[in-house]
Amino acid sequence: MPKRILQGVIISDKSDKTVVVKVERRYSHPLLQKTVRQSKKYKAHDESNRFKIGDVVSIQESAPISKDKCWVVITDGTA
């Protein structure tokens, strides 16, 4: 089964080798037919600490690295 890849913005880089990525999805509400924005935060592994707050990145699903970290930053979202 392929691993999921999501794109989002880094909102925190305070932890060592970890960044918090905010992924936003948009969908149409089934009853109101209004576009709704929903966001979720994921902790992702950044081995070299090279990404900073505000960077647009892609993250990929991986085996659990810690209690609540099972995503890895793979590239800049712009590339």
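Tutor: Let's begin with strand 3 (residues 35-45) and strand 5 (residues 69-76), which pair in the parallel sense over two bridges. Strands here are DSSP runs of E with at least two residues, numbered from the N terminus, and two strands count as paired if DSSP finds at least two bridges between them. Across this pairing, Ala44 stands opposite Trp71, while His45 faces Val72 of strand 5.

A word on the source: this is a predicted model, in which local features need pLDDT of at least 70 and side-chain atom pairs count only at pLDDT 80 or more, while totals for chains, interfaces and linings use all residues. Residues are numbered from 1 along each chain as its sequence is written, and side-chain values use heavy atoms, with hydrogens and water left out.

Now follow strand 5 to its other partner. Six bridges join strand 4 to strand 5, and these two run antiparallel. They form a hairpin with two residues between them. Within this pairing, Val73 in strand 5 is the bridge partner of Ile59.

Strand 4 (residues 56-66) also pairs with strand 1 (residues 5-12), in the antiparallel sense and over five bridges. There, Val9 stands opposite Val56 of strand 4. Strand 1 in turn is joined by three bridges to strand 2 (residues 18-28), again antiparallel, with Ile10 opposite Val21. Strand 1 and strand 2 form a hairpin with five residues between them, and Lys17 in the turn has a positive phi of about 60°.

Put together, the five strands close into a barrel in the order 1-2-3-5-4, with mixed pairing. The twist averages 55° from one strand to the next (axes are lines fitted to C-alpha atoms, and angles run from 0 to 180 degrees between N-to-C directions).

Several residues we have met return in the largest nonpolar core, which has 11 residues, including Ile10, Val21, Ala44, Ile59, Trp71 and Val73. Such a core is a set of buried Ala, Val, Leu, Ile, Met, Phe, Trp, Tyr and Cys residues joined through side-chain atoms within 4.5 Å, where buried means under 20% relative accessible area with a 1.4 Å probe, protein chains only. Strand 2, strand 3, strand 4 and strand 5 each give two or more residues to this core, and strand 2 supplies the largest share, three residues.

Finally, look at Tyr42, another core member. Leaving aside neighbours within four places in sequence, Tyr42 is in contact (heavy atoms within 4.5 Å) with Leu6, Val19, Val20, Val21, Val23, Ile59 and Trp71.

Methods: Helix = DSSP H or I, 4+ residues; strand = E, 2+ residues; numbered from the N terminus. Buried < 20%, exposed > 50% of the residue type's maximum accessible area, 1.4 Å probe, protein only.
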